[in-house]
Amino acid sequence: MVLEFKDEGIYCPSGDFYIDPWRPVERALITHGHADHARWGHRYYLATEAAGPVMRHRLGDIALDGIAFGEKRQIGDAIVTFHPAGHVPGSAQIRVEHRGEVWVVSGDYKTVADRLSEPFEPVRCHAFITECTFGLPVFDWEDDAILSAQLNTWWQTCRDNGQHAAIGAYSLGKAQRVMTMVDPSIGPILTHGAVENTNEVLRAQGVPLPASVRVTRDTDVKATPGALIIAPPSALAGSWLRKFGSVSTGIASGWMRLRGVRRRRAAERGFVISDHADWRGLNDAIRETGAERVFATHGYTATFKDWLTEQGYDAAVVETEYEGDALDAADTDADAPTEAETVT
Amino acid sequence: MSQVFDRIRRFTTRYVDRPILALPLPVGIHRSLFALQAKLMTTEVEVAVRWQDVGGVPTRIVSPPRPKGRLLWLHGGGFVLGSPDTHAGLTDHLALASGLEVWTPRYRRAPEHPWPAAPDDVRSVAQAMPRPFHLGGDSAGGNLALVLLAQALTDGRAPLSVTLISPVVDLRERQDDSRTDAEMLLPRAFLHRCRAAYLRDADGRDRRQSPVLAEFPGCPPVHLELSAREVLEPDGMAIAERLEAAGATVHLHVEPKTPHDYPLCAGRSSAADMAILRMAKHLEAHQP
């Protein structure tokens, strides 16, 4: 086996390293900066150059080495390369080759290109370790043009009604995706500190984003009528929104396809916008790898495994500690005290 | 998670749903209980839905992103219970999985409107619907789908494909009801009450009541989902033979350890999700 599944995470014995481990290890290769994949406490980290700044921002002073997409690196007896996953800026699939056998760990991925992340690149392999967060056929995403129109219509309507439009989107990836999808001429974009911190990191590395204004204790709400407010979903539920007065709330997540999830989150509007592959995307990606063996790590794994088996794959479910779309998971930045944001 | 649901559902089917269906309660109460239960059985999805008058029958139309065609779906409920709303879980999951718009008419139900009100309504919808379309139905809706199918084939207007879940195909008086002992969901008393309400004074020997008696010349490909050892399994087998004898390709799937019409639990049950996927694959394979 090129890769093994251990208590600490996905392990490569020939290179003595882990990929996205969930317990502290000596050497960790990281697919992307989300908290369930890039965790604290490893001795050495390796990630793409584009993912590095956000990881440093979130994890502090770590021993992090950068690698370019497509760059070959020999670790022990294994050869590794990183390939775009289309999930968030800098996100990668990790290809590991040992004695001619190739395994690929997908991390989180999205097959349809957006205006933010490096577009997904299929990688041929013998075994594919894939997420399947949205591994049911009801998860069928609309085209970005339609989703953009939905967002803009909602924002414009809020503005016409003298309301703010507040959208819940996690701070790395989704928030910036929403920013690239809306029409900035409708009004100003206000951001929660967690979102703006990430915006600053991404802008500094050259990711083009429209202008946004950080919400602080001194923000004059009256000066920004009809603004679009972007905050992590957890912040929408708390007292943070109160000062804006009349607000219409929405959430951007693939989970908005499920009526019950939107109701429980008490959002008025659900926008089915995801940074993960939908059902078709998962199936297309797996087919394009040419892999015979497929391991499903997180999401609707049981049904997805049965489906893949019926399609002729040698499929299995692997227990991991990945969480998929971080709607209810801790958004590292969002947990930072909001008071501190007024200082920065 | 979804496999746990399947285990719990087997228990609640036997010890909650079945005893309730056996009670001779007013039909309005049965309808409300079924509507309540239907919501709990599935994961409701947010997808574009509109209601439209189609041939004089209010019809629920669910549209997935980028719809590629249409499926006319006839809901089950013993001709007495159920509505496009109780079957929204099934139809919405199927719409998203297949990429087809699913049209579900609110046909008139017994006992207020006995046979032939329902097949008449279904025929009006089929005549008013944009063509071509796929055809399908579950349980009593499977009966209506087959009745419509036989008529459509006679008229030379075959649907693109046929998808059936445990259809009711034979409403003639039957002596051999011993098989109901292995049935998890449907008590004999309930079946008798539904039959009486629907047929009123008729005997079930009309082919528009018992489509197992009908002819299906030039029948398009059929996908059939049954639950193993359910009371309607022999019905399903009988119609499969009948359709095959007429030259149709019939793909049959018999799912073990599931109650009648188990695909209604789409989104919660692994078995149901797999059924949705099989049906979607069948529909996609027969798109023009």
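The model is predicted.

**The interface**

Chain B and chain A bury about 2,100 Å² between them. Carbon and sulfur atoms carry 49% of that area. The contact draws 24 residues from chain B and 22 residues from chain A. Polar contacts join 10 residue pairs between the two chains, both residues being at pLDDT 80 or more. Across the same interface there are 7 salt bridges.

On the side of chain B that touches chain A, the elements giving two or more residues are α1 (2-22), α3 (88-98) and α8 (270-285). Of these, α8(B) gives the most, with 8 residues. By class, the residues on this side of chain B divide into 8 nonpolar, 8 polar and 8 charged.

**Chain A as a whole**

Chain A has 9 helices and 19 strands. Its radius of gyration is 20 Å, close to the 20 Å that the globule rule gives for 344 residues, so chain A is as compact as a globular protein of that length. The C-alpha trace of chain A spans about 65 × 45 × 30 Å along its principal axes. Buried residues make up 61% of the 344 residues in chain A.

**Salt bridges**

Side chains of opposite charge can pair when their charged atoms come close. The whole structure holds 32 salt bridges over all chains.

| Pair | Closest N to O | Accessibility |
|---|---|---|
| B:R278 and A:E310 | 3.9 Å | B:R278 buried, 8%; A:E310 partly exposed, 42% |
| B:D92 and B:R60 | 2.9 Å | B:D92 buried; B:R60 buried |

The next pair stays within chain B.

B:D92 forms a salt bridge with B:R60. B:D92 sits in helix α3 of chain B and B:R60 in strand β2 (residues 57-63), so the pair ties together parts that are 32 residues apart in sequence. Salt bridges that share partners also build one network from A:R259, A:R262, A:R263, B:K39, B:E44 and B:E46.

**Two single residues**

B:E255 lies in strand β8 (residues 250-255) of chain B. At 15% relative accessibility, B:E255 is buried, because the cut-off is under 20%. Not counting residues up to four places away in sequence, B:E255 touches B:L226, B:S227, B:A228, B:Y262, B:A271 and B:R278.

A:A211 is in the loop between α4 (193-204) and β14 (213-214) of chain A. At 66% relative accessibility, A:A211 is exposed, because the cut-off is over 50%. Leaving out residues up to four places away in sequence, A:A211 touches A:I189 and A:R203. The C-alpha atoms of A:A211 and A:P184 are separated by 8.2 Å, and the two residues are 27 residues apart along the chain.

How values were computed
Residues numbered from 1 in each chain as written. Chains lettered and ligands numbered in written order. Predicted model: local features only at pLDDT ≥ 70, side-chain atom pairs only at ≥ 80, totals over all residues. Heavy atoms only, no water. Contact = heavy atoms within 4.5 Å. Buried area = accessible area lost by both parts, 1.4 Å probe. Salt bridge = Lys/Arg side-chain N within 4 Å of Asp/Glu carboxyl O. Polar contact = N/O pair within 3.5 Å; in protein donor to acceptor, adjacent residues only side chain to side chain. Helix = DSSP H or I, 4+ residues; strand = E, 2+ residues; numbered from the N terminus. Nonpolar A, V, L, I, M, F, W, Y, C, P; charged D, E, K, R; others polar. Rg over C-alpha atoms; globule rule 2.2 N^0.38 Å. Buried < 20%, exposed > 50% of the residue type's maximum accessible area, 1.4 Å probe, protein only.
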